[in-house]
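Let's take a friendly walk through a protein model, looking at its pockets and its charged pairs. Keep the structure open beside you as you read.

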Amino acid sequence: MPEYVLSIDQGTTSSRAIVFDRSARVVASGQLEHDQVFPRAGWVEHDPLQIWNNVREAVGIALTRANLTADDLAAVGITNQRETTVVWNRHTGIPVTNAIVWQDTRTQKLVDELGGSAGSDRYKEVVGLPLATYFAGPKVRWILDNIDGAREAADNGDLYFGTIDTWLLWNLTGGTAGGIHVTDVTNASRTMLMDLDTLQWRDDIAADMGIPLSMLPEIRSSSEVYGKGRAHGMLPGVPIAGILGDQQAATFGQACFSEGMAKNTYGTGNFLLLNTGAKRVTSKNGLLTTVCYKIGDAAPVYALEGSIAVTGSLVQWLRDNLGMFTDAPDIEKLARRVDDNGGAYFVPAFSGLFAPYWRPDARGALLGLTRYVTKNHIARAALEATAFQTREVMDAMNADAGVDLAELRVDGGMVANELLMQFQADQLGVDVIRPKVTETTALGAAFAAGIAVGFWNGEQDVTDNWSEDKRWSPSMPALERDQLYRNWKKAVTKTMGWVDGDVEI
């Protein structure tokens, strides 16, 4: 009997394959980075074929390191960067253009046109999301309007659309030779095209956006057998049985199954999700209403989400664009050389401001500079920006939920940064808890797949396998905490309104 589950974690900067055993321990992994393509200011793209090739190679590396074959796998789960949009020819398997990444802002004018007199909340009651460049629907429309031949091919039924989960599943299960065109409810809820109540595509919104229904994948649950790996692929006959968007996967992997539990993932951006149970809560404070997960035939579970565009990618920018350090973890060494930020505040609104502001006209700014400020202060200000942005989202979440959260479970690459974690606890005023297995995104997808095939026995097994690694408790005096946050809020206001009629978004 197979004793392992494989998780494919396709993220914004890299693709990983991780093998888990029955105790949810990492057995082996493989990881490959893919190119970040920036054709012009505000545009962010990925090559879908490079991602597919990297996924295959990462799977091969993981299985080789674990000394396993496909026969040893009970199931495969997929988790993915969510709103990133791929449109491809279903007969050839070739994308019509690069994938448009969730951070990309090229659709702003289209978003404004779609909002019309109703504004950004035109579809929010139905889909739980404001009109914004972040989401997939407008990206599909942009491709159809701007890529030669795309509109005609779509109208003829020759094109498929999918977020990255759909692209990978289609290729894994056969591609042009019978590949399955499916997405799950969590990813579908990020397109602006799915009704949160019925969990089905809305014909009227698709029509408003000019997207033929023939392009859209079938919506399924987050945990069921969608199909099996193609016979001549690297996973022949293995059930592909779990799909969760990356942030929902992390919530699942953190065992946030009870209403009121929350997790925050520190990755390229930051994403704070609060489980709201069987009821969808409409935010009045700039948050998103989304599907948290749906296990097989069970009722869906909903969440409130605070999405922050730039956190870990700010560290990457300081490393790659400014050359401030060689390796991302080095930022903590620089930041520890000083006791505070020296009065400097870094607002990384590179793609505008996401939650809770939703201001596409904002741009990044480094404020409060004097000649006293060194690169060490700037490094510290960059880390503090992550914690400040998280506090803003947490404040909005507390207001929407009507109850203050008692603790925050954290995961993602930046949780290794202990200076950041302590500052986060200080700013939130609650304990911050890191689990022993920090690969919670990949683990959540593995659990969803394993549950679907009976490898694990439902959510209780997830809860039983979760354990605490380290906890940070607040220690900063309230006066200092509030003064720092007040200055941060002031800094944020200085970034707004930068983009106007003379500056293209």
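## Pockets and salt bridges

In the second largest pocket, the lining residues split into nine nonpolar, 10 polar and four charged. Keep in mind that the model you are looking at is predicted. This second largest pocket holds about 590 Å³ of space. It has 23 lining residues, and those closest to its centre are Phe38, Val44, Trp317, Asn321 and Phe350.

Now turn to the largest pocket, whose volume is about 1,200 Å³. Its lining is made of 43 residues, with Thr13, Tyr266, Gly267, Thr268 and Gly413 closest to the centre. Sorted by type, this lining has 11 nonpolar, 22 polar and 10 charged residues. Which helix gives the most to the lining of the largest pocket? That is H10, with five residues. Other elements supply at least two residues each, including strand E1 (4-10), strand E2 (14-21) and helix H14 (440-452).

Next come the charged pairs. Side chains of opposite charge can pair when their charged atoms come close. In this model the count comes to 35 salt bridges. Here are three of them, with the N to O distance for each.

| Pair | Closest N and O atoms |
|---|---|
| Lys333 and Asp330 | 3.3 Å |

Start with Lys333 and Asp330, which sit three residues apart in helix H11, about one turn of the helix. Are these two partners buried or exposed? Lys333 counts as exposed because its relative accessibility is 55%, over the 50% cut-off. Asp330 has a relative accessible area of 18%, which is under 20%, so Asp330 is buried.

Arg391 is buried at 9% relative accessible area, while Asp482 is partly exposed at 34%.

Glu407 is partly exposed, with a relative accessible area of 30%, and Arg471 is partly exposed at 36% relative accessibility.

Finally, look for a network: salt bridges that share partners join Arg82, Glu83, Arg190, Asp246 and Glu305.

Key
Residues numbered from 1 in each chain as written. Predicted model: local features only at pLDDT ≥ 70, side-chain atom pairs only at ≥ 80, totals over all residues. Heavy atoms only, no water. 1 Å grid on protein atoms, 1.4 Å probe; cavity = no way out; pocket = protein on both sides within 12 Å on 5 of 7 lines; lining within 4 Å. Points joined across faces, edges and corners; volume = space filled by probe spheres on them. Helix = DSSP H or I, 4+ residues; strand = E, 2+ residues; numbered from the N terminus. Nonpolar A, V, L, I, M, F, W, Y, C, P; charged D, E, K, R; others polar. Salt bridge = Lys/Arg side-chain N within 4 Å of Asp/Glu carboxyl O. Buried < 20%, exposed > 50% of the residue type's maximum accessible area, 1.4 Å probe, protein only.
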